[in-house]
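Please keep the sequence and the structure open while reading.

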Amino acid sequence: MTRGVQTAYVIVILALLAAPIVVVAGVSLNAQQSLRFPPPELSLRWYAALFSAEDWMVPLRNSLVIAASSAVLAVAVALPLALHVWARDTWVSRALYTLGVAPFMLPPVISALGFLVFWVSAGLYGQITATIVSHAVFLVTLPLVTISLGLAGIDRTLVEAARTMGATRGQILRTVILPLILPYMISGYAFAFVLSLNEYIIAYMVAGFTVETLPIKIFNSLRYGYTPIMGVVSVLFIALAVLIFGLIGKFGNLPRLLGAERMQD
Amino acid sequence: MTELSLDGLTKRFGSLTAVDDVTLNIADGSFVCLLGPSGCGKTTLLRLLAGLEAPSAGRVLVAGRDITDTPTHRRDFGMVFQSLALFPHLTVWQNIAYPLRIRGRPRAECRARAGELLDLVQLPDVAERLIHQLSGGQRQRVAIARGLAIDPQVFLLDEPLSALDANLREHMQVELRQLQQRLGVTTVVVTHDQKEALTMADTVIVMNEGRVQQVGTPMQVYRDPANAFVAGFIGTSNLMDCTLNGDRSVEVSGLRVDLAPDDRVRADPGPAVLSVRPEDVRVGAADEGLPARVTFIRDLGESVQFVLERDGQTITALFAPGARPAAQLGDSVGVTFAPGGRVVLPA
Amino acid sequence: MSAAKDAPTPRWLAALPAAWLGIFFLIPFAIMLSVSVAHRVPGGFFEPGFELDSYRRFVSAFFGQILLTSILFSAAAAVICVALAFPFTVILARMGGRAQTVVLVMLLAVLSLSEVIIGFALSTLLSKTAGVGNLLTRLGILETSRAFTPSLFALLTGMCYLALPYAVLVLYPPVSRLDPELTEAARMMGATPLTAFRTVTVPLLRAPILGALILVFVFTLGIYLLPQVLGQPQHWTLSVHITDQAIFQSNLPFAAAMAVLLLLVSLAMVGLTLILGRGGKA
């Protein structure tokens with residue numbers, strides 16, 4: 001019946017989304033240096049090769065450092081911004097919120113070029129700091145949106161109740177608001193982390209020739225021919241994304257985080 | 001004839017059984033209220049009738065025809081949802097005419113029928129308005145009109161009046177009942193409000209934990225509850241542990257009470273529960289009946305409520321203002337129960 | 001006491017994010033704007049000035065063609081994606097909580113994947129030795145396996161692949177907030193599931209659907225790697241040319257001018273969704 005048609009539709013779409021990933025995973029298991037699917041012989045040698053290849057380990061380290069620190073910066077900027085917008089509804093707060101959401105809404109090439117000319121002017125072009133700060137600005141939208149969602153779920157009478165019990169503004173922030181939005185800060189961090197890890201064009205334009213990240217490394221390697229090691233990196237990226245979003249889904253309320261209000265637990 | 005029959009109807013959600021083996025008949029043209037506390041399965045039962053949920057077991061029959069596998073849109077039922085579910089993108093008359101348009105009736109006919117229905121629910125002048133321009137009571141009437149648009153075989157209503165304030169609600173209860181009597185459509189209403197059920201229904205079905213507890217007229221379920229749950233849920237009852245003897249007498253805390261011919265016994269001899277309505281409690285001198293103490297007196301205007309305590313158990317009594325006993329707060333009194341007002345229920 | 005004083009956060013709290021975004025987001029844009037009107041020094045960088053040469057160059061037939069190509073590709077991808085994503089989202093929003101979470105995790109994982117990886121994965125899938133070619137040969141549809149990339153088909157497939165999870169996530173909030181009783185009511189009144197979808201779900205969500213079309217359009221305008229991996233040079237979009245001018249042709253003023261134009265197009269589109277969103281609420 002119709003229920004069956006609906007399920008079939010969802011499964012077909014999901015299968016189409018999964019198909020390239022399945023092929024890449026299969027390719028990464030090739031024993032030879034070829035991209036055959038299904039692989040004629042299975043082997044994990046390219047997984048071992050990745051971790052012993054210095055030319056892949058440096059970009060890996062770069063990517064992790066950039067993702068971890070730019071996500072911290074993004075949350076550090078998003079938190080006061082979200083709090084300010086939540087606490088007062090003025091044109092200033094609305095303008096700031098728009099400014100925080102804008103980087104992510106625009107085609108990233110625009111921001112990338114803006115960052116490029118900025119860092120050239122500031123004399124930091126090609127430094128890892130430039131990549132970190134640029135990513136932090138670009139990705140501030142994600143923790144801003146998740147933290148704002150968390151704040152929107154706080155009953156304002158909780159704040160009033162804390163005040164009647166003698167808590168100061170700082171104490172209310174520490175003892176009531178922050179504990180309630182902590183899960184949203186963590187998911188905002190995770191979103192920013194994963195997206196920074198995968199980001200290409202900003203990292204490329206700002207410091208592509210000196211600070212190689214994994215996506216840059218993959219793209220550069222694509223030009224010299226495909227090897228199964230790219231499949232290995234792709235598989236690791238997918239696994240990491242599934243792990244992180246899976247954890248958010250397990251311990252948090254993912255539907256609500258993505259904007260569904262009508263959600264029974 | 002659109003007699004509605006449920007045969008062993010069961011709905012499980014995982015390990016939870018929301019509706020548990022319900023078998024009943026709803027007579028043609030009757031007005032039935034499904035009554036019970038929240039989570040008792042009454043809304044699920046209604047959704048099973050509507051075909052919005054598929055039963056885990058059992059059948060639904062209309063006029064003897066099995067419709068268990070008939071999809072919702074081919075059942076030709078009318079329904080009013082708790083949220084009313086009026087379409088915000090359509091005008092009032094377009095909402096009412098929606099089921100007719102779906103059936104391919106010409107626009108002019110739909111328009112005319114919508115006008116008739118608006119007259120029927122006494123809202124003649126709002127046909128062109130949008131839903132958000134209506135008051136709560138007006139929306140209610142539009143939803144009812146829409147549910148009746150196709151002269152449904154069966155009319156289902158899920159807590160239809162819950163969004164209204166108390167006055168309007170009582171008014172709509174009477175109106176809905178009159179409308180149903182005029183049209184003679186078999187009607188099933190879900191409500192958690194016992195007063196609403198007793199006001200409107202021919203037949204009240206009391207549910208708890210997915211099972212039907214009692215089916216009867218409002219008077220039956222009030223005067224002659226089938227078990228302690230019904231006695232406690234419909235109105236207020238004083239429920240006391242007792243022992244039923246073989247000779248139509250009970251013992252309550254050592255006091256022997258002979259039952260009158262019109263007292264009802266629904267239990268077998270042995271441990272049982274004695275149920276007495278507050279208006280059937282009598283308060284007299286300390287040496288007759290159960291010894292108790294007056295712990296609270298409340299004047300409700302139309303009646304006076306006494307709360308009495310004995311052995312840590314409270315008994316509530318209700319008197320007309322003229323029949324108020326002389327006892328004062330803190331007095332020791334004796335409590336007896338009026339013959340005919342005593343019901344012995346299974347423990 | 002004034003309301004502002006009662007606010008749970010102090011006023012100065014805004015200073016940090018304001019300064020941060022001002023320095024690292026607004027100033028770069030200001031510099032980019034000034035670079036776009038600067039004078040290009042061939043073979044070197046640029047010197048400050050005010051001239052519209054770079055903008056004038058863009059109006060030439062070649063780059064006008066590129067803008068048109070970009071817009072056409074993005075529009076096609078946006079329409080395909082939203083058409084596929086809308087029913088998907090409606091079904092998704094009615095699934096049980098756990099199933100929804102699993103699907104959302106999958107969508108997020110695909111959405112977050114680097115364009116590089118998606119490009120690599122799709123070009124592998126569409127290549128001669130792995131995936132579709134092999135499958136079709138094995139099924140006897142093709143005599144010998146062939147590659148489906150690079151081609152316009154591969155590029156559009158890639159753009160849709162990238163944008164589909166985005167389209168679903170943009171549609172997800174309004175779709176999941178739609179009261180399920182509205183479609184149930186339509187069913188009660190005799191509408192088949194398809195009729196209920198057509199007469200209730202779609203009209204009620206017209207504004208979010210239009211909004212999603214525009215947002216997906218802007219999103220696909222930003223795609224810059226897939227045209228290089230899956231397309232041929234004539235399929236290069238504006239985003240690709242901006243990068244190309246900035247990095248390989250060392251013509252920053254021209255790249256900046258193109259970026260400013262792209263920004264204007266995007267802002268106009270995003271502004272349009274805001275207006276649509278407001279219209280939908282009234």
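## Contact between chains C and A

In this predicted model, the contact between chain C and chain A takes 77 residues from chain C and 78 residues from chain A. On the side of chain C that touches chain A, at least two residues each come from α2 (15-36), α4 (61-94), α5 (97-112), α6 (115-125), α8 (152-177), α11 (206-221), α13 (238-248) and α14 (252-281) of chain C.

Among these elements, α2(C) gives the most to the side that touches chain A, with 13 residues. By residue class, that side of chain C divides into 59 nonpolar, 16 polar and 2 charged residues.

## Contact between chains C and B

Where chain C meets chain B, 15 residues of chain C are in contact with 16 residues of chain B. Two helices of chain C, α9 (180-188) and α10 (193-204), each supply at least two residues to the side that touches chain B, and α9(C) gives the most, with 6 residues. The residues on this side of chain C comprise 8 nonpolar, 3 polar and 4 charged.

Strand β3 of chain B, residues 31-35, is mostly covered, since 5 of its 5 residues count as buried. The cover extends to both faces of β3(B): B:F31, B:C33 and B:L35 are buried on one side, and B:V32 and B:L34 are buried on the other.

Two strands of chain B pair with β3(B) in the parallel sense. With strand β8 (residues 186-191) of chain B, the parallel pairing is made by 5 bridges, while strand β9 (residues 203-208) of chain B is joined to β3(B), again in parallel, over 4 bridges. The residue B:L34 can be followed into both partners, as B:L34 stands opposite B:V190 in β8(B) and also opposite B:I205 in β9(B).

## An open mixed sheet in chain B

Chain B also holds an open sheet of 6 strands, arranged in the order β13-β12-β11-β15-β21-β14, in which the pairing is mixed. Strands β13 (255-258) and β14 (264-265) of chain B stand at the edges with a single partner strand each, so one side of each is left without a neighbour in the sheet.

Within this order, strand β11 (residues 238-244) of chain B runs antiparallel to strand β15 (residues 270-276) of chain B, and 7 bridges join the two. One of the residue pairs that can be located here is B:D241, whose bridge partner in β15(B) is B:V273.

## Two residues with positive phi

Which residue in the loop between β6 (78-80) and α2 (92-102) of chain B deserves a look? The residue placed there is B:L84, with phi near 75°, a positive value in a residue other than glycine. B:L84 counts as buried because it has 23 C-beta neighbours inside 10 Å, where the cut-off for buried is 20 or more.

A second case is B:Q122, with phi near 60°, likewise a positive value in a residue other than glycine. B:Q122 is found in the loop between α3 (107-120) and α4 (136-148) of chain B. Is B:Q122 buried or exposed? With 11 C-beta neighbours inside 10 Å, B:Q122 counts as exposed, because the exposed class takes residues with 12 or fewer.

Terms used. Residues are numbered from 1 along each chain as its sequence is written. Chains are lettered from A and ligands numbered from 1 in the order in which they are written. This is a predicted model: local features need pLDDT of at least 70, side-chain atom pairs count only at pLDDT 80 or more; totals for chains, interfaces and linings use all residues. Two strands pair if DSSP finds at least two bridges between them. Two residues are in contact if their C-beta atoms, placed from the backbone, lie within 7 Å. Ala, Val, Leu, Ile, Met, Phe, Trp, Tyr, Cys and Pro count as nonpolar, Asp, Glu, Lys and Arg as charged, and the others, Gly among them, as polar.
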